[in-house]
Amino acid sequence: MTSIKQFWPWDTDGIVTVTLDDPGRTANMLNRRHHDGLAACLDDLARNLDRLRGVVLTSAKRSFVAGPEFEPGEITAEEAAETYGLLVPLRDQARRLETLGRPVAAALNGSALGGGFELALACHYRVGPHDPSVVWALAETGMGILPAGGGTVRVTRMLGIAATVLDVIGPGTAYHPAQALAAGLVDELADDVVAAAKTWIRAQPPGRFVQRWERPGHRVPGGVTAPPGLAEEVARRSAGSPVRALTAVLDVAVRSAAAPLDEAFAIETAACLDLLAAPEFPALAAYFAALRTVAGTFPHPAPVRPVPGTRAFPQIVRDPLAAVFFPPETPLVEVTDPALVPMIRTGGGIPVLIPRGAPSFIQTLLDAGPSPADMAAAASGRPVDSATATVAAVLAAGYPAWAPSVTG
């Protein structure tokens, strides 16, 4: 990032705290500024390796990298698209951090999603807060792709093939701190994540430091072959959908488990690039953008109070991307009075504004379903904003996220 150079002070004991801070943004993004700023930082650390004791990577934002509070209007479509062109540079930069030769701890002060959590996985130790509103997720499968910054490779080496495919990356599970600690994705929870990270670094032996799965004797939990029945379970979970992400996660996990790391990372990136070219990806990417727009600065969940003139619909689809932004018990609430929208948000609902006197948008889709074509035809011409309509159609009416926009 352009201003990152201002934020890597050295402690007297040789520990450097690198604070990510994308200027003018509510959250850090993995963009060209991030890449260039971190590159300058790593160059400086490499030049001074003889006096470097360790590195703490943290954030000046409420989130670590790309948290749910990120405002969609802050990033252009062109900048978002450019991110995919940075897949290999960002992947290789994370590897450079990982092989710096000194202990690196991620002080996860807040949420980290996708590539942001992949960057944390490249660190040797992860400390998170006790805050239950924080979420960490590798939810790329919800967009029809998979982690391509080394996340699939590293989780496989940490937790094994089956856990990677069925528990973590395959379903795109969103973890809150206590869950992530239990799963082994973070190593410690603390009130002061930076102080805890420094304490861990000071406890490490001096000299060259190596990632845990690169030390002699490391074995992939469960072995380097797919457990019996795993392929069949993947086929069962993928039935009826054209999206190949889960199958790709299985393939990458198995092929990368026994491969040298450089080859394993190349396998992962190639698989992601293949999925990016799939015809379903644009619709899934648009759905993710709609979720970000609708979520905005979503409040902490609270029971929704009945409000006259509204109608609440439960989420009938348990979507991993949606779970990053709001809990599955959060209802979608149709409202005809714009003045009630803030009340619905504050109450913990997802407001869906429809014109006064118009029939229910969600009920219309439910009545027309389950055919996606019939649902899209029923929604055609309905005056509901595109982002809200997309989210409501998927979560409350079961319209498939991989299909073209229900509003046309």
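Three strands form an open sheet in the order 9-10-11, with mixed pairing; strands are DSSP runs of E with at least two residues, helices are runs of H or I with at least four residues, and both are numbered from the N terminus. Two strands count as paired if DSSP finds at least two bridges between them. Strand 9 (310-313) and strand 11 are the edge strands, each pairing on one side only. From one strand to the next, the twist averages 25°. The model is predicted, so local features need pLDDT of at least 70 and side-chain atom pairs count only at pLDDT 80 or more, while totals for chains, interfaces and linings use all residues. Residues are numbered from 1 along each chain as its sequence is written, and side-chain values use heavy atoms, leaving out hydrogens and water.

Within this sheet, strand 10 (residues 332-335) runs parallel to strand 11 (residues 350-353), and 4 bridges join them. Val335 has Leu353 in strand 11 as its bridge partner. Strand 9 pairs with strand 10 in the antiparallel sense, over 4 bridges, and Arg311 is partnered by Glu334 in strand 10.

Helix 15 lies across strand 9 and strand 10, at about 45° to strand 9; contact means heavy atoms within 4.5 Å, and angles run from 0 to 180 degrees between N-to-C directions, with axes fitted to C-alpha atoms, for helices over the stretch in contact. Pro370 sits in the loop between helix 15 (361-368) and helix 16 (372-379), and the Gly369 to Pro370 peptide bond is cis, with omega near 10°.

A further open sheet of 3 strands has the order 4-6-7 and mixed pairing.
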